[in-house]
Amino acid sequence: MADDEPVETEEQPQVPAEGGVMDLNSALKQALKKALIHDGVARGVREAVKALDRRQAHLCILAQDCDSAEYVRLVEALAQESGIKIVKVPDGKTLGEWVGLCKLDREGKPRKVVKCSCAVIKDWGEQVTDVCSL
């Protein structure tokens, strides 16, 4: 191997230490995990629309690969009417994994992940710094 050849290495996702800077996806994942513990997540379009209509929502997460454009328009209109921010994630499978719509195997890896089009955070749980970044 010559010295001028590029060496390929696998990039490991870096977990920030306490007080470190998080990117949007990791902050969103942490916020959803804490809200899920405190039963503050509405999963799916039906639950999300109910929470948005009742103005119980703090943040709306919408998958960009949603099957129906009518769902997207409805959720965006309700969120805009209530003044609630919308965060879009690229894949519904990752959103489903983040909100707990999956089975975990013995190693803790997600299996049988169900796609989720929309989720709403109704209760943050603990006020933490990752909420401020959202």
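**Labels and their cut-offs**

Reply: Take contacts in the protein chain between residues at least 6 apart in sequence: 71% of them join residues at least 24 apart. Contact here means heavy atoms within 4.5 Å. The model is predicted: local features need pLDDT of at least 70 and side-chain atom pairs pLDDT 80 or more, while totals for chains, interfaces and linings use all residues. Numbering runs from 1 along each chain as its sequence is written, and side-chain values use heavy atoms, without hydrogens or water.

Me: How many helices and strands does the protein chain have, and what pattern does it follow?

Reply: There are 5 helices and 6 strands. Along the sequence they run α-β-α-β-α-β-α-β-β-β-α.

Me: What share of the residues in the protein chain is buried?

Reply: Of the 134 residues, 34% are buried. The cut-offs are under 20% relative accessible area for buried, over 50% for exposed, and partly exposed in between (1.4 Å probe, protein chains only). The chain exposes about 9,300 Å². Carbon and sulfur atoms supply 47% of that area.

Me: Why is valine 99 called buried?

Reply: Its relative accessibility is 0%, under the limit, so valine 99 is buried. Valine 99 sits in the loop between helix 4 (92-98) and strand 4 (103-104). Beyond its neighbours within four places in sequence, its contacts are Leu32, Leu36, Val41, Arg43, Cys116 and Ala119. Cysteine 118 is 19 residues away in sequence, and the two C-alpha atoms are 9.9 Å apart.

Me: What makes serine 117 buried?

Reply: Serine 117 has 18% relative accessibility, which is under the buried limit, so the label holds. This residue lies in the loop between strand 5 (110-111) and strand 6 (118-121).

Me: Why does isoleucine 37 count as exposed?

Reply: The value is 64%, over the exposed limit, so isoleucine 37 is exposed. The residue belongs to helix 1 (residues 24-37). Glutamate 126 is 89 residues along the chain from isoleucine 37, yet their C-alpha atoms are separated by 9.9 Å.

Me: How many salt bridges does the structure hold?

Reply: The structure holds 3. The test is a side-chain nitrogen of Lys or Arg within 4 Å of a carboxyl oxygen of Asp or Glu.

Me: How do you know that glutamate 81 and arginine 55 form one?

Reply: Their closest N and O atoms are 3.5 Å apart, within the limit, so the pair qualifies. Glutamate 81 is in helix 3 (residues 69-82) and arginine 55 in the loop between helix 2 and strand 2 (59-63), so the bridge ties together parts 26 residues apart in sequence. Glutamate 81 is exposed, at 55% relative accessible area. Arginine 55 also has a positive phi, near 60 degrees, in a residue other than glycine.

Me: What makes lysine 115 and aspartate 67 a salt bridge?

Reply: The closest N and O atoms are 3.1 Å apart, so this pair passes too. Lysine 115 lies in the loop between strand 5 and strand 6, and aspartate 67 in the loop between strand 2 and helix 3, so parts 48 residues apart in sequence are tied together. Lysine 115 is partly exposed at 32%, whereas aspartate 67 is exposed at 71%.

Me: Which residues gather in the patch of positive charge on the surface?

Reply: They are Arg46, Lys50, Arg54 and Lys122. Patch members need over 30% relative accessible area and no salt bridge, with like charges joined within 9 Å and nonpolar side chains (Val, Leu, Ile, Met, Phe, Trp, Tyr) within 5 Å. Lys and Arg count as positive, Asp and Glu as negative; His and chain ends are left out. Each charge is placed at NZ of Lys, CZ of Arg, CG of Asp or CD of Glu.

Me: Why is arginine 46 called exposed?

Reply: Its 65% is over the limit, so arginine 46 is exposed. The residue is in helix 2 (residues 45-53). Arginine 54 is exposed at 56%, in the loop between helix 2 and strand 2.

Key:
Areas by Shrake-Rupley, 256 points an atom, 1.4 Å probe, with all protein chains shown as cover. Helix = DSSP H or I, 4+ residues; strand = E, 2+ residues; numbered from the N terminus.
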